Structure formats: structure tokens, C-alpha cells
Amino acid sequence: MGTSQGSEELSFLASASRSPGPEFDRLDPEQQKAVDSDDAPLRILAGPGSGKTRVLTNRIARRVVDGSVDARRVLALTFTRRAASQLRSRLNRMGIRDLGAVGTFHAVALAQIRQHRLDREKRPPVVLAGRRPLIKELIGDFPNLRLNAAVTEIDWACSQALTPDEYRNGPGRGRVGEAQAGRIALLHQSYVAYKRRRGLLDFDDILVECTQLLGTDQAFRDAQHWVFRHFFVDEYQDLNQTQFDLLRAWVGERTDLCVVGDPDQAIYGWNGANAEHLINFSADFPSAGTEVLATNHRSQPQIIRSANAVLGRTSTESDSEAVEAQLPTTSNFSDDWEEALGIARYLREERLPETRWSRHAVLARTNEQLQVISRALTQFQVPHRLRGQGGILKLPEVQEVIDQLCGAGHEFATLAVDLADEFDHGPQNRVAELAVQYTGEHTHADGSGFRDWLRTLRPGDLDTDEDGVDLVTFHAAKGLEWPFVVIAGVENGLIPIRPDDPEERRLFYVAISRAQQHLHLTWARARHKGERLESREPSPWLQLIETANQRPPRPSTKQAANYLAEARKNLGKATDSETDLRYQRLREWIDRTARSRRIQSAALLPDHLIAKVATAAPTTISQLETITGLGRSRLERTGPEILAVIAEP
């Protein structure tokens, strides 16, 4: 799916502004048709860059304005908190403020379960942070099972709403064999029993319990059906069976349902998602209509051609459009470390003066690749951030903020605002912002509810907005876009990892279609795997893409030194050697102290702050607080030691 729209076609863009009411966005004819359609249910097939969020927003607004929707009765479902926040913000800017619920399946279901228990004076649910730690405790009784394989299978069974017996006697046999399926089912039963004894819910239990309540408690069902009457679902191709069952329970026999999705971007089958829900939408909802958004407004024509080539499609852009656009570039390197250094060099060359690093992204198939690239960018002093990792909840300074919020009682809302003002950047600010959002969307906001709500978020929902090159896996890049994109490791064994899986091809398609203006593809002729260095060949899909001449494969020693010197200069260092020494002393002190005290190194000073502190060379606790954004109480414990390390001659 995907064609470009040339400058001549831009004249077709129609202003959808109407009066009275909000000022609608300018839409192309396909988008306008989808916004104005009276079909119910309605399926909107939307390719990359086709403006699906814009269409969804304008469709909700249009229906509120013409009176066919009561904004208070809207239930808009997304797969990430980020997408939900974006949808709500756009509607608010258009003047649609009194909305029913805009959120993820898990957040909405959890709110309904908590309200159900509150109304019946029952204890609110306790939500597990994740399955893995608990399964790790239980797996000791099953010596023939490996943790990763067991967690993967139990995750999949839960996403399909299968009991342990249903998994063992059904699809489990085909997935892992009869004997292994039996062992996993027994472990799954132990896991379920443990949760039941302690009154715990995991990620999928939230959806299952809400579905069961809608099916067995008529008063609860009638109340939810009265509150929510108009349904909108984003990324419908990513629904798994558990989510589909809950959606059907919410909708009931009604038909006011609009879904948006793209089967070409179905990349979560390994996690239980089933694009057949989108493809066979008319079978589930026989009266449904369909609209198609095929025009890609995001990417320049050569990038669209590259993405379509991976799927074996011919693009419809004119030759004149394509000639004016820049072809993707490619380069290869002797090994994965040289590839990482080459990417660092490429980013320094391509970044325009006075522009943000966050206009650039490096996409890779695995987190392991990104760790290598991160080390190279650190060496070249290129600011960067690992997106979609969700690691900020593990940081001691973030846990400190969450603990404060959870102990705030009725002062939760006031404390959330105060903390958002106190921390004007960094991970603490991100958590405080989420607390403020939670307060605005929940009538009875409190600390325990906020902690459980945080556990319904996706890792990408926790990303901060500090400037830096984004390092992202293909899966985490879904729904994002950048002017400049590097795709690393375009080699057989990574792209694809599983050659016979069609989802691998769609995954590469999604990665390519994140680029707006420039696309650079790299691969390594050898890659480290443990202690071995394995030879590699380019991905078979690389030859499908028309590329320009190769870029130089690696910087010389002199060039590398020049780049490092420039980076240090740009960071405003007093002298190169002094800052390097401070950085090295801090790193050695952190590693040594963390080992001796048996604590996480981030408890002393998080990795992303070491270079900042070394560069600024603070001399007081107040200066250190300003530079790091860490809490005063924490710095009173560790700050004197940090300052002493910096002050060493």
C-alpha cells in the first residue's frame, strides 16, 4: 500500500473546515471520503504515512459536530499510551474536550475492573509488573523447561485466551510437540494457581476479567453499554484473540464501530496478534463498509518505491517524481563494530548545523545490535537514546518519584503537578507528566491505581523527549517517523531471521517506511556471535532496492580523531584531556563502588548523565542537581562522592 502525492495533486486538497464547530484539517479526497462515510461498522485500510490518525481524529470530530456521536459516549482504543495521548490532544485542539475514554485496551479495562470492585466494596486488583519474574520462581520444578521458551509459549497462550488444558490439547502440540506442550501446560497451571491464591492479575488477566464481567454481570454490562456507544479502534491488525473478545463484549449487538489498520504492517504475530481480524472484518460484521487510504504523505517517492519493492509491488509514482528524489544509499563493513563506527560517521556528516539530533534514527532488528551501535555513538560523542526499552521504571530516581506518588493519598493530584514543575526534564519529569495525565483521566486518582496503570503501558510510552539520535528496533519503530533513517544489519540472518515467515518481510517494509527524506542501509561482512566471528552475506531483499553509490565504509584514524575533537568542542569542554579524565574517573568509581556495595550502577549515577557531569564539572550539590535533575535527597547521599571524584587532580 502506498503512493506519493505530487505538487500538482496538492491542489486537490480540500479544506474540511466547517462552521459552526472546530476547524477541521485539510484532507485529500481519500481521507475526506473516509471521514464523511456513513457506513457502520466501517473498516479503514490505511497504509504508511496515509494520515490514519488525522482521519480518525477528524471522523470523531465530524460526527460530534453533526450530532451523530455524543462525545461523552466515545470509546477510542489504541495500542500505546503515546497514540492515545496524541489522539486526545488533537481532538482537544479541535475543541472536542468532553470525551468518554481514549486509551489502551488494558488501561480502559483496568479502570472498569477497579470501578466494579469499588462499587461492590471489594479490594482493588493488584497488577503484576510482568510474568517473567514469577515464572522464573516456579520453573525450578520443571527441569526440562527453559525460561525463555516457557515464557514465550505462556505469553502466546494467554494472548489467545487459551487455558493450560486448551493449549496442551490444541495448538501447543503443533507449536512445540506433545511432551513439551504438556510440561508448559503444567507450569502454566502452577502460575495460574499462584496468582489466584494471592489475588494477582497479569497483563492479559486484565482483559480476560473485564470480558468475563461483561458476560456474567448484567448490571455491569448494562452500565458499560450505556456509558460507551461509539467505538473507534486504531491498529486493528494488531488485535489478538483476547482483545477481540473484549471488544465484542464492549460493542455487543451494536454497529457503531470504526476500525483502522493495515495488513501490510501486521508484525506482531509472534506475540499472538492476528491480522485476520482486519482482513475478515466483514465476516465478523456483515454490514461493514470499507474505505482505503493509499496515498503516502510521509515518504519521498524513492523510499516508497523501496518499501513496495520489498513486498514485491510496483509503485505508482511518476518517473518525474522519482527522478527528483534521492535514492537510498548503502554501505558495508568488515564487521559489526566497524559498521557501528561507520554509522556514527554517517550521522555526523548528515546532521545539518543547528538541527536536532532527534531528526535521525538508527533502526535494527535486535536490541543486541543497538547496544553495539550505542557504544560507537558514545565514543564519537553523538547524543542518542535507546527508545522503546522501558528501562526508566528501573531507575532508582524514578522509583523514588513513584514511591512519593503512591504515598500521597488524597494529595496525589497536587503532588503530581508539583513534581512535574520540580523536574523540568529527564525520566522523573516523564513519570510526573504521566501522573498528571492519569489524574486528568481518572475520577478517583490515587497512588496504587497509578502504579497499576503504569504497568499497562508499553515500553515506548515511557520514552523521554531529550534530544538525541533514536536507536530503535523495527518493532518499536512502528508508528514513528524520522527525516533521516539508517537501517543497520541488512544481512541474511537478521533480515530475515526466519526466512520462511512472511511477517519478516512486512517487518522490513515497516522499517523502510519510517523514513521521510533519507534512507541509508548498512550491513557487515562478519558479525560477532559470542566469541566467534561469523561471515555474513547481504540480505536477499537488499537487491530488490535501487540504491545510489556506496558510501565510504569507515573513517580513517585521522578522521575519527577529528570527529572526536569536534564533538568535544561542540560540547563546550574546558579541555579535551581534562573532561576525558573526569569521565574515566567517574566511570571507574561507579563500576568499583557498585560492585563493592552490590548495587546497580545507576543507583550512583545513571549512564546517560555521566558525560553531562564530566563535561560540566560541577563543584556544588546545587550545580549537580541542576545538571542531572536528580532529587536533592538522593544527591545528599551520593553527591559528595561524585564531587570528590570530579575534583581529583
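**Figure 1. Pro-496 and its cis peptide bond.** Pro-496 sits in the loop that runs between strand S17 (482-487) and H24. In this predicted model, the peptide bond joining Ile-495 and Pro-496 is cis, and its omega is about 5°.

Figure 2. Let us move to the loop between helix H1 (29-36) and strand S4 (42-46), where Pro-41 is found. The bond that leads from Ala-40 into Pro-41 is cis, with omega near 0°.

**Figure 3. Phe-508 and Trp-541, a stacked aromatic pair.** How far apart are the ring centres of Phe-508 and Trp-541? They lie 6.3 Å apart, and with the planes at 20° the pair counts as stacked, because planes under 30 degrees apart fall in that class. Phe-508 belongs to helix H24 (residues 502-512), while Trp-541 lies in the loop between strand S20 (532-535) and helix H25 (557-570), so the pair ties together parts that are 33 residues apart in sequence. Both partners are buried: Phe-508 has a relative accessible area of 1%, and Trp-541 has a relative accessibility of 7%.

**Figure 4. Phe-281 and Phe-285, a tilted aromatic pair.** A search of the whole structure gives five aromatic pairs, and one of them joins Phe-281 and Phe-285. Here the centre-to-centre distance is 4.9 Å and the planes make an angle of 35°, which puts the pair in the tilted class.

**Figure 5. An aromatic cluster of three residues.** Which residues come together in this cluster? Phe-79, Phe-105 and Trp-250 form one aromatic cluster.

**Figure 6. Two arginines over aromatic faces.** Arg-73 lies over the face of Trp-226, 4.1 Å from the ring centre. Arg-198 lies over the face of Tyr-194, and there the distance to the ring centre is 3.8 Å.

**Figure 7. The open parallel sheet.** Which way do the strands of this sheet pair, parallel or antiparallel? Six strands make up an open sheet with parallel pairing, and their order across the sheet is S6-S5-S9-S10-S4-S11. At the edges are strand S6 (101-104) and strand S11 (289-293), each of which pairs on one side only. From one strand to the next, the twist averages 15°. Strands of a sheet pair through backbone hydrogen bonds.

**Figure 8. Strands S5 and S9 side by side.** Strand S5 (residues 74-78) runs parallel to strand S9 (residues 230-233), and four bridges link the two.

**Figure 9. Packing of helices H20 and H21.** Helix H20 (residues 412-422) packs against helix H21 (residues 426-441) at an angle of about 145°, and the axes are 8 Å apart. The crossing of H20 and H21 is left-handed. Which residues meet where the two helices touch? From H20 come Phe-412, Ala-413, Ala-416, Val-417, Leu-419 and Ala-420, and they meet Asn-429, Ala-432, Ala-435, Val-436, Tyr-438 and Thr-439 in H21.

Figure 10. Glu-121, in the loop between helix H4 (105-119) and strand S7 (126-127), has a positive phi of about 55°. Ala-161, in the loop between helix H6 (147-159) and helix H7 (164-169), has a phi near 60°.

**Figure 11. The whole chain, for orientation.** The protein chain contains 29 helices and 20 strands. Of its 649 residues, 54% count as buried. Among contacts with a separation of 6 or more, 77% are between residues 24 or more positions apart.

Terms used. Residues numbered from 1 in each chain as written. Predicted model: local features only at pLDDT ≥ 70, side-chain atom pairs only at ≥ 80, totals over all residues. Heavy atoms only, no water. Pairing = 2+ DSSP bridges. Axes fitted to C-alpha atoms, helices over the stretch in contact; angles between N-to-C directions. Phe/Tyr/Trp six-rings, centres within 6.5 Å; stacked < 30°, edge-to-face > 60°. Buried < 20%, exposed > 50% of the residue type's maximum accessible area, 1.4 Å probe, protein only. Lys NZ or Arg CZ within 6 Å of the ring centre and 35° of its normal. Left-handed = near helix turned anticlockwise from the far one by under 90°. Contact = heavy atoms within 4.5 Å.
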